[in-house]
Amino acid sequence: DTINNTNLPAINNAITSLTNGLNAVESEIRDKVVVFIGDSWQQGYNPEGNTTPYIDYAQQFFEQLAPGSTMTMYHEEYGGVGFYHANAGKTFITLLEDSAQNVADPDAVTDVVVGGGYNDCFETYVNIKGAIGTFIARANILYPNAKIWIAPCAYCRAATERDKIETRVIPAYTANADAFVMTNTIRLFHWYNLLDTIGWYHPTED
């Protein structure tokens with residue numbers, strides 16, 4: 001089809017706007033220093049066969065979005081933990097403390113991203129919410145220039161655990177005004193084909 005010449009200015013403006021937007025995103029990503037905190041999902045554990053940790057995919061995505069980026073990623077993860085729920089004496093806040101031992105310049109950290117939620121379904125809303133507040137306060141001390149992000153990405157096919165995620169985890173994970181919530185990760189795994197068929201709560205490679 002022939003492009004109507006009268007549309008060219010609008011098309012050129014749209015291309016310019018898109019280019020400027022991509023350049024802005026690339027510029028912002030280029031200098032990011034991100035600390036990822038997570039559980040077995042971040043480890044890539046799956047009882048049917050371990051998967052590629054999603055932070056590896058995140059790294060690939062950022063590198064494609066901003067070629068030559070100097071973005072730095074740190075990560076700490078441990079299976080079975082949450083903000084309040086502990087495993088082997090560890091929780092998200094102990095992983096946060098562990099991360100501080102590895103970060104070269106705490107003041108340079110721009111973002112702290114916490115992903116998970118399944119393990120906290122066994123705790124009360126009040127305890128989860130309180131632990132999140134404690135975590136955020138500590139993160140603000142360890143990384144004073146960082147934004148705190150919470151990704152409540154956990155879900156489960158089992159009705160009992162799923163109901164607790166709905167009534168305890170999601171409300172608690174989204175309640176704190178001092179953190180940014182990744183709302184697009186909520187119920188991300190409602191499509192159960194993305195979960196293992198043993199426990200129905202660990203993501204597959206897909």
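Helices (H or I, at least four residues) and strands (E, at least two) are DSSP runs, numbered from the N terminus. Keep that handy, and let's look around.

This is a predicted model, where local features need pLDDT of at least 70, side-chain atom pairs count only at pLDDT 80 or more, and totals for chains, interfaces and linings use all residues. Residues are numbered from 1 along each chain as its sequence is written, and side-chain values use heavy atoms, with hydrogens and water left out.

**The whole protein.** Start with a cartoon view: you have 6 helices and 5 strands, running α-β-α-α-β-α-β-α-β-α-β along the sequence.

**The largest pocket.** Now select Phe-36, Tyr-54, Ala-58, Met-182 and Thr-185, the closest to the pocket's centre among its 36 lining residues. A pocket here is an open set of points on a 1 Å grid over the protein atoms alone, where a 1.4 Å probe fits, with protein on both sides within 12 Å along at least five of seven lines; lining residues have an atom within 4 Å of a point. This one holds about 1,000 Å³ of space, a volume being the space filled by probe spheres set on the points, which are joined across faces, edges and corners.

Which helix gives the most to the lining? Colour α3 (54-65) to see it: α3 supplies 5 residues.

**Asp-31.** Next, click Asp-31, in the loop between α1 and β1. Is Asp-31 buried or exposed? Asp-31 counts as exposed, at 53% relative accessibility (buried means under 20% relative accessible area, exposed over 50%, partly exposed in between, with a 1.4 Å probe and protein chains only).

**Salt bridges.** There are 4 salt bridges in the whole structure, each a side-chain nitrogen of Lys or Arg within 4 Å of a carboxyl oxygen of Asp or Glu. Side chains of opposite charge can pair when their charged atoms come close.

- Show Glu-97 and Arg-138, which meet at 2.6 Å, N to O. The pair links distant parts of the chain, helix α4 (residues 92-100) and helix α5 (residues 125-142).
- Move on to Glu-166 and Arg-187, whose closest N and O atoms are 2.8 Å apart. Glu-166 lies in helix α6 and Arg-187 in the segment after β5, so the pair ties together parts 21 residues apart in sequence.
- Finish with Lys-90 and Asp-98, at 3.6 Å, N to O. Lys-90 is partly exposed at 25% relative accessibility, and Asp-98 is partly exposed at 29%.
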